[in-house]
Structures are given as C-alpha cells and as structure tokens.
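Colleague: I would like a close look at one part of this model. Please keep it brisk and define your terms as you go.

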Amino acid sequence: MTPNRRQRLSPITRRRLQVFRRHGRAYWSLWLFGLLFAFSLAAELISNDKPIVMQYQGEWYVPMLVDYPETEFGGFLPTTADYRDPFVREQIERHGWMLWPPVPFSYQTLDRDIQGPVPSPPGSRHWLGTDDQGRDVFARVLYGFRLSVTFALALTAGSILLGVFIGGAQGYYGGKIDLFGQRLIEIWSGLPVLFLLIILASLVEPNIWWLLGIMLLFSWLGLVDIVRAEFLRARNLEYVKAARAMGLPSRLIMRRHVLPNAMVATLTFIPFLFTGAITTLTALDFLGFGLPPGSPSLGELVAQGKNNLQAPWLGITAFLSLSVMLSLLVFIGEGLRDAFDPRHIMTSTTAARPPLAATTQAQDSQP
Amino acid sequence: MSQTPLFELRRFSVHFGETQAVSELDLQVEQGETVAIVGESGSGKSVSALGALGLLPPGSRVTGTRTFAGRDLGRLSRREWNELRGGGIGFIFQEPMTSLNPLHTIGKQLRETLRLHQGLRGNAATRRARELLAQVELPRVDELMAAWPHQLSGGQRQRVMIAMAIANEPQLLIADEPTTALDVTVQRQVLALLDELRQRLGMGLLLISHDLNLVRRHADRVVVMQQGKQVETGPARTLFETPQAAYTRQLIDAVPSGRPRPLPPQSELLLSARDFSVTFKRPKPLLRPSPPAFVAVEPLSLELRRGETLGVVGESGSGKSTLASALIRLLPSHGEIHFADQRLDQLGGEALRRQRRALQIVFQDPYGSLSPRLSVADIISEGLRFHHPELTPPEVTERVAEALHDVDLPADCGHRYPHEFSGGQRQRIAIARALILKPRLLILDEPTSALDRTVQKQLIELLRDVQAKHDLSYLFISHDLAVVRAMAHRILVLKDGKVMEQGDCETLLHSPRTAYTQALIAASSLT
C-alpha cells in the first residue's frame, strides 16, 4: 500500500478509459471541444479592441490588462484610451509600436468605419461579417462560446452538488425523508420552468449570476432520481452492509462505498446537463429574457439572424456554432455512456481478455 | 442400446480468442440415459453444453463434430436451430429467478411455448399446459396458471422451467446446474423428478453439476472435467468405486469432514438473547387498520459461549439471516441481547459503533461483499483505520499482512483487486477483514454455500483453525447439515421463524425429534 500504488487507477477505471479511447468519435470530440474551449479562454488574446502590449516613448504598456487614460499618450481626455481612435493611434505609432491581436475587435466594439449598411457581409475586415450594430460576429461567437460553456460548467457543477446531496440523502436514509422529499420534488418538477424563468428574469435585473441561480433551482431535479435510485440500490449491497457491521459511520460509508456507485450514473448524465444548460441559456437570450444587453451571447445572435433574414451570415453562423458545440457534447456523452456500460466493456474487450471463459463459468457457482 | 447415440460430441473444442475453454471432449448420450458432466467452476462444463447448441456469444469458435439424432449440428441453418432448441432438445438453466419472464403469468408463458412449437391455441394449449404442470408434480394447478413468477418459490419456478423444457417432448434434456440455487430438500425432489420424467418420456438427460456426490444416485455415466479437459469418463458405479484420476478422487472426497474442537469445560458465556424476536411492519393500507406485523423471528432465547460454534439451520426463508443481522443490531429487534457484560440492545449511536468491532459478520456472496473499487489491503484495513486512527501506515500494513496470513493468503496480494481472486479466496479476504478488528463473535452467514465442494472443505478447516487460534465464538448459518456438522458444537433448527429444536450437534443429528429436522438430515447426504 505504498502511495504510488494508491494513486494508480483502479482496473475498472483503466478499462473504461480504454473503451472511451477506442470510441473514436467521442475521443476526438473531447479533444476538439477541449481545444475550442482553450481557444475561447484566450479570447482576449485573439480578438480585442486593445493592443496586447505596446511601447510608447520607451516605456512598456499592457493595455489588455491595465486601463491607461488617453492623456498618457498625448490625448486630451482623462478617460480610458481608445486605441482604435485615429488620433491616439497616430500618437502611439509615432513614439513606439503596438502589437494587436489577429482580430482587432472585441465583442462589443462598434466598428464605425464600415462602408455601407450594417449588418455588413463577411470580408477581410470582418471574417464573419458584422451584426446589425456593426459588431464583429467572429468576436461575438468566440466570447459567446466561452460564456455559454463557462455558464454551463458552473450550472452543471452546482446541479451535481445539489442533486447528489439531495438524492443521496433520500436514497440512503429512505423512509420519511425519501417519501416527503420525493413528493416535494414531484411538485417542484411540475412547475413550468421556462415561464418561471421568464417571470423571475423580468422581476430582477438579469445578470449572469441571477440567471445561474434561477436555473440552478430547477436543473438538479433530473439528477436526483438517478442518484437516489443508485443509493437505494447500493445501501443494500453486501459490502455496504459489511461496512455498517464494521461500525463505520454513515458519512464514511456514503463517501467511500455508496457515492462511487452513484458517480457512474452521474458522470453519464453530465453531458446532458451540459447541453441542457446551454440550450436553456440560448433560448432565454433569444427571447430577450437572458443576459443583459450587449453581452456576447449565441441566443442573441440567433435572434439577430431571425430579424435580419437579408443577412444570412448571422443565422448561419449562429446555427453552425451552436450545432457544432452541441453535437460535440452529445458525441462525448455517447462515449461516456458506452465507457460506463458494463456490457460494452465485456464485448469490446473479448478478444483482448483471455479469462472470459472463466468468468462465464464463475457465474455457475453463484446461487 | 442403439447403434448411433442420440447425442454425440467428438473431439469437441471451444476457443475464446486465443484461449481454449474446452479441448477435445468426447461425449455420448444414449436414449433414456443420464450422463453427468461434473467439474468445478471454470472447468468448461457449461461452455461445452452451450457450445454444442450454438448458444455461445460471438467471438467464440467451436470445432469438432457434434451430432444429434444422426444430424450434423455443425451444418444447421438458423431456422433448423430454432426448431431444434426447445423442440428436440430441451434446456434448463441454473437460475430459476431470472429465466422466467416476470411480466407474464405462468400459464401465459407455457401457452406461448406450446403455440410456438406445436401450434396449439386456445383451450387445447391451456389443457396441455395444465397437464404439464401436473406432470412436474406442482400442486393447485389452476391457481398456478394465473400466478406470476414472483409468487412462486425457487423450487416451484424450477419445476415450471422443467415443464416448459419437456413441453415439446424433447429427446434430449440438458440441465445446467438445475438445483444449485435451490434448498437441499428441494434439490433432491427436483433431481428425483428429472429422473422420473426421463424414464417416463424416454429422454436422454445431460446433467451438468459441480457436485459429484449429488449426481451419484442419478447418473448412468459420468464425465469429469477439469480446466476444459476431460479427466475421466466411465459408468457411474465404476467411477465412484475405483476412481482413476487423482482429481476425481479429490472431488469424491470433497465432503465436509472432521468435527469441531471440543470446548474447554468452563467456558464463559459470551452472547445470550432472551425473548428475542424480529418483526417487520407491513405497509398500512389507506383508510383501513394496519395489518399485524410480519414476524420474521418468533421470540426465542439462545446462548453462545466463548470458543463455541452455534449452528443455525433451516431452509431459505426460515429467518436465519434475519436472526443473525438482528443479533448484531443491523436490524431492529425486540428483547434482550447480552454481549459480554453489556446490554447490546440498549446501546446506540457512537457506543454501538465502537462495540461493533467485537461483533463481525461474513456474508454468503463472495462476489458482492467486497467493494470492487478498493484494493484488498484497503478493504481489509478499512475498519482498522477507522477504529484505530492512532496506527501509523506501516503498522496498518503489518496488521493487514497478519490478517492475510491468518487466512492463508500471501501477504503480497494486498495491492490487488477483488476481481483477480476466485470465490474461495474472496471469502478468505472477507474473513480477514473481520478478523483484523479482533472480534470475539463472528457471524458466518452461509459462508461456504456459494463455493465449490473442494473449496468449501478447505474453508471449513481454515475456520476451525482460526477459531482455535483466536478463541472466537461463531454463529454459523447454513442450510447444509453436512457443513454445520463439521463446524458446530450446538445446533438451532429454524423453520418459518420458529425454533424447531435446539441442542447438542451430534445428539440432535442422531436422534432428531421433529419431522422437519429429519427431512433436512435426509436431504443432506451425511456420511
């Protein structure tokens, strides 16, 4: 029982990883999604209306991180410098240099130099065109993707915490706790979620935390049933009984013996929670009850696409980015489901596993 | 004896990928004859039967010739197979709990079989179904036709399975461990029934079993298999009287033997229960008075001395396991439980958890009682680490090694995982997990009934050694009197939660007072 022995993955986990890796589509989807997310996390470096670094009169500045007043660069206003302003630009370039990101627009930068009407079509200046306020669509998709995914991550994490805790308590203790808990959940899940979200979102000034909180009120419900069922089953397993007979306290038994059983079901459920969170956020934004105006959001882009049918690049971009993101998540979910499916593990590793005959036979002696 | 046997396998082999599960098996079943394939788990006996009928999962390869009633089974089309299985060849599986569809009544399932193979419908099918149920000696046939599988006992279900298998009057019946999941008394009845049906219908019977002594009375010829190879074959009588292979001899000898070590004369009282009973509340129907509670164990008193083994005997459903669980307060109960100097029934919470160290339990199922996610060392040391947080990791490792040594397992298996061990080894791990807490009472809930006979014998010897070494008291639960006799000083016979009799082991076995005990003794082939 040396430390490195304990850190080693258990054989089941290793076999699951193996199955997941062999599931080509899911494996590549995970990589691609991870890459896209890493890419979007660095959005400020890729698409920004401020230079990444610059030198002015021999001194270094990092406008991406620090706000400098315009007066610093020979301007007249004490407000934050607008590096896209021709005057400021000229000043800086005369006395130094600036390093711009590849896309010199942020998600809320209004490009006033566009020739012709907005929304303007894709071109070399705006790769995916602009929306009806002259904002760069690529930048908005990039930031919107990041916002959607982080939002979904936070919501999923919160749902898992709540769902596992509530479902686990119901399943493990059973009896009255379970009975009343289930009835409460039945009532709670009977509420029309989207309408409630709309009503609540119109009562308060919606920001991302409010939305997160409101959606968290409902998103854990789906998980409770699964976790509760797993706990109900696991508390009657013989090794759980053995742990009780050893005098271990409930919290230890739950953590060490029961929870790992429920984690399989929970993990399989995660991608669906995730896609659910993204679509709900998009739907709210589309209806205009979601994030405050100006936030980069895919739902808002969908709405713009609907309102500007003459500018198909809006709708097409929104559709493609959403469908790619959701498809990747569904593929990952499929892979996870297969990796945790014991039957799948059996059949997919038959060739690599000599003792199959022994396992079939071993079952003979079980009563 | 006819010239061509009814069913024949020649140079029959089964491969899974690179591994050979069965190699070069030769086997003949004549009409009206019973042939038994005997071997321990993993010997390839079920795989042979399944392989011969083409029922193995994809990825397996079958070679050699197999013929049934003159037809080459290797060349049958899918359609011909379907006609043959359930038509000319009947099959009975081991597990009567899962081989019936829980969503249909018995009658419906029987009629379904008749409709598919014989085209019987309506009243004709119903009449034939009744006949079949009567043929397998099931009582109250009319009620049974409308019953659901869960309302039947294991033995009854297995009888229904047999009825289905003989519905089309097969020429060959293959029974794969037909009695392993059943109570001893029921085992005898089912085997006798199969025997009688074979004679009446003139079928060939291929009986697969791990228990050589069980098939002794029923088989005409026996094939002994070990690790996929045919070790010995021959007429049953000569095989039992003059076994050639060492392995056959080992199987024949694999009967629990020996007696418990005598108790020291003044051994102190460790556990006693007075007016002890277990009841379960039934759910209260709406607007009606609640029904009387279900009495799982009726009021009883028992005593257990230090170093003594009390055997608790009874069929499944008699309340043995409930009694054991309730005695160590894993289930609520009524009445007094005295353990050492304490009233166990009045302890609660933290005090009870601390006391649990001294009362350990080993469960029946060696596959279910170890967490598949923890290494063996973690499993064994779990209770120790909780009850003795003061121990340093090296000290824990040392204690684990000691416990493994106690159960004759090598010390280096601590970092392996349960799935790498056989059933008998797992049971040893479960015993080590209990022993490491230095208990004074060990409850053994059918610890040997899921194991092969040879492994069972070793485990019994181990348990006796451990008892002597640590001065342990055992409460030994079993349905198998042969095992209990080798372990217990005293016996308590339970039936439907009632104590039928209680007393010294040998006396009780020689002169049982109740018919129930007599039946149990008759069923368990005491030698």
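Colleague: Which residues have the most contacts inside the largest nonpolar core, and how many residues does that core have?

Modeller: First, the ground rules. This is a predicted model, where local features need pLDDT of at least 70, side-chain atom pairs count only at pLDDT 80 or more, and totals for chains, interfaces and linings use all residues. Residues are numbered from 1 along each chain as its sequence is written, while chains are lettered from A and ligands numbered from 1 in the order in which they are written.

Now the core. The largest nonpolar core has 141 residues. A nonpolar core is a set of buried Ala, Val, Leu, Ile, Met, Phe, Trp, Tyr and Cys residues joined through C-beta atoms within 7 Å. Buried means that 20 or more other C-beta atoms lie within 10 Å of the residue's own; exposed means 12 or fewer, and partly exposed is in between, with C-beta atoms placed from the backbone. The residues with the most contacts inside this core are A:Ala277, B:Val312, B:Ile380, B:Ala432, B:Leu475, B:Phe476 and B:Met487. Its largest share, 16 residues, comes from helix α6 (residues 137–173) of chain A. Helices (H or I, at least four residues) and strands (E, at least two) are DSSP runs, numbered from the N terminus.

Take B:Ile380. Neighbours within four places in sequence are left aside here. B:Ile380 is then in contact (C-beta atoms, placed from the backbone, within 7 Å) with B:Val400, B:Ala403, B:Ile429, B:Ala432, B:Arg433 and B:Ile436.

Next, strand pairing in chain B. Strand β13 (residues 309–313) pairs with strand β18 (residues 473–478) in the parallel sense, over five bridges. Two strands pair if DSSP finds at least two bridges between them. B:Leu310 has B:Leu475 in β18(B) as its bridge partner.

Both strands belong to an open sheet of six strands in chain B, in the order β16-β17-β18-β13-β19-β20. The pairing is mixed. At the edges stand β16 (359–362) and β20 (498–504) of chain B; each has a single partner strand, so one side of each is left without a neighbour in the sheet. On average, neighbouring strands are turned by 15 degrees against each other, direction ignored. Axes are lines fitted to C-alpha atoms, for helices over the stretch in contact, and angles run from 0 to 180 degrees between N-to-C directions.

Finally, chain A as a whole. The secondary structure of chain A comes to 16 helices and three strands. Of its 367 residues, 38% count as buried.

Methods:
Two residues are in contact if their C-beta atoms, placed from the backbone, lie within 7 Å.
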